[in-house]
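Let's take a walk through this structure together. Keep the sequence and the coordinates open beside you, and follow along as each part comes up.

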Amino acid sequence: MKKTIKNTVLECVGIAVVGIVFGLVANGLHGRGVDLSRDYFPTGKIERPTTQPDPPIRHPGANTQPGSDTQPDEPPIDDPELKKAIEDILNDGLQVIRHDDVVALYQDPLYRGGGYVFVDARNTRLYRAGHIPGAYQLDHYYIEDYIDQVMPACQNAFKVVVYCSGGECEDSRFAALELGNRGLDPTRIYVYPGGMKAWRKANLPVERGERLSADIVDGQSLPGDGHE
Amino acid sequence: MLLARLALGGLFIYMGYNKATQPTDFLQAVRLYQMVPEHPPYLLNFIAATLPWVEIFCGVLLVVGVALRGNALLLLTMLIGFTIGVTLRAMEIHRAEGTPFCAIYFDCGCGTGVEWICGKIVKNIGLCILASIVLLSRSRWLCLQVNLRRR
């Protein structure tokens, strides 16, 4: 009996070791496997240059400490998920842009001319299901697939708005940090915490498929809420 | 015993495949459990990279009938760990959001999509019973190899 238990445990350990080796090999051979050394969830790395003034843009009311750049007329944020997301964004040294300002940028002629760039940080399935018209995709988990196309557009823009699904989604924050860490001026980067959820709730236009596919529909006409 | 083996093995192959084909989704799910440190990222990435393939490997061994006892013990250990992890995560959501425990409906990163937590716990207990049957059974019908030790 003792021998059986011992052998079973040894067999179990052996299978685990072989399974792990198999897993490492399979992950390495998998074209989109996990990079073991990469920090997929960067945090708090953006340092905003002190010589440059804060950009003239309003922040939502999550950061209400004295001396913050929150405007006094900002409505309070009731959604705890959104409030937490905004706090995380500000803690990482990033800037938050509110929904009305995103809409204003979208409607500005400069947006069509590349003066403002929107970056969608969701995966390909969600991006193709519907994104803000003209937004570039930047799935930060596979950043090398996108960065060569997105970075030049961002470097030529006055403002770069990064968004994901909205609420508890953190991909916009991570994508914004990646852009900042790769040399994009952080004073130009804004994270839109409302994301696709807020955009679609406002029934704003949504583009399906590839960027500039011209397949544009109303936000509320799409199924789902832009989340997984 | 054969049915338990095939059901458990098939399910692990299915769940492992779903995770292995969406590795970054699984990485995000593992991160949400906050059981391993995020920084430095090596351990978190290692778990996300290997666990789905270990599940597939074990599932295949179980289906073809190789090293059944050791395999069943490994699956039972993993299932107990997963069940504890999922329960703790659901309790955290319950505390944070005030949602009744059994009304929690979320993607636990198990490879089976979004599920009700109480249903998930019951399913996992069922799988633990299947793994225990394989572990304790002496039947080796339709096994490719009776036992690795006899090689």
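Predicted model: local features only at pLDDT ≥ 70, side-chain atom pairs only at ≥ 80, totals over all residues.

If you look at contacts in chain A between residues at least 6 apart in sequence, 66% of them join residues at least 24 apart. The accessible surface of chain A comes to about 11100 Å², and carbon and sulfur atoms account for 55% of that area.

Now turn to helix H7 of chain A, which spans residues 171–181. This helix is mostly covered, with 10 of its 11 residues buried. What provides the cover? Just past the end of H7(A), A:Gly183 takes a positive phi of about 105 degrees.

Follow that contact across to helix H2 of chain B, residues 23–32. Here seven of 10 residues are buried, so described as mostly covered under the cut-off of 20% relative accessible area. The buried set consists of B:Pro23, B:Thr24, B:Phe26, B:Leu27, B:Ala29, B:Val30 and B:Arg31. These residues pack against H7 of chain A, and also against helix H1 (2–21) and helix H3 (42–64) of chain B. Just after H2(B), B:Gln34 has a positive phi of about 50 degrees.

Side chains of opposite charge can pair when their charged atoms come close. Which residue pairs with B:Arg31 in a salt bridge? The partner is A:Glu170, and the closest N and O atoms are 2.7 Å apart. Because A:Glu170 lies in the loop between strand E4 (159–163) and helix H7 of chain A, while B:Arg31 sits in H2 of chain B, the pair joins two chains. Both A:Glu170 and B:Arg31 are buried. The pair also belongs to a network of salt bridges that links A:Asp92, A:Glu170, A:Arg173, B:Arg31 and B:Glu38.

Over all chains, a search of the whole structure finds 19 salt bridges. Another of them is found in chain A, where A:Asp101 pairs with A:Arg98 and the closest N and O atoms are 3.6 Å apart. A:Asp101 counts as buried because its relative accessible area is 14%, and A:Arg98 is likewise buried, at 17%. In chain B, B:Lys120 forms a salt bridge with B:Glu115, with 3.5 Å between the closest N and O atoms. B:Lys120 has a relative accessibility of 5% and so counts as buried; B:Glu115, at 9%, is buried as well.

Let's come out to the surface next. A patch of negative charge gathers A:Asp78, A:Asp79, A:Glu81, A:Glu168 and B:Glu97. Take A:Glu81 as an example: this residue lies in helix H2 (residues 80–91) of chain A, and its 31% relative accessibility makes it partly exposed.

There is also a nonpolar surface patch of about 800 Å², made by A:Met1, A:Ile5, A:Val9, A:Val13, A:Val17, A:Val21, A:Val25 and A:Leu29. A:Met1 sits in the segment before helix H1 (2–29) of chain A. Is A:Met1 buried or exposed? With a relative accessibility of 78%, A:Met1 counts as exposed.

Our last stop is B:His94, in helix H4 (residues 68–97) of chain B. At 33% relative accessibility, B:His94 is partly exposed. Setting aside neighbours within four places in sequence, B:His94 is in contact with B:Thr99, B:Pro100, B:Phe101 and B:Ile104. B:Ser137, by contrast, is 43 residues away along the chain, and the C-alpha atoms of B:His94 and B:Ser137 are separated by 39 Å.

Notes:
Residues numbered from 1 in each chain as written. Chains lettered and ligands numbered in written order. Heavy atoms only, no water. Patch = residues over 30% accessible without salt bridge, like charges linked within 9 Å, V, L, I, M, F, W, Y side chains within 5 Å. Areas by Shrake-Rupley, 256 points an atom, 1.4 Å probe, with all protein chains shown as cover. Salt bridge = Lys/Arg side-chain N within 4 Å of Asp/Glu carboxyl O. Lys, Arg positive; Asp, Glu negative; His and termini not counted. Charge placed at Lys NZ, Arg CZ, Asp CG, Glu CD. Helix = DSSP H or I, 4+ residues; strand = E, 2+ residues; numbered from the N terminus. Buried < 20%, exposed > 50% of the residue type's maximum accessible area, 1.4 Å probe, protein only. Contact = heavy atoms within 4.5 Å.
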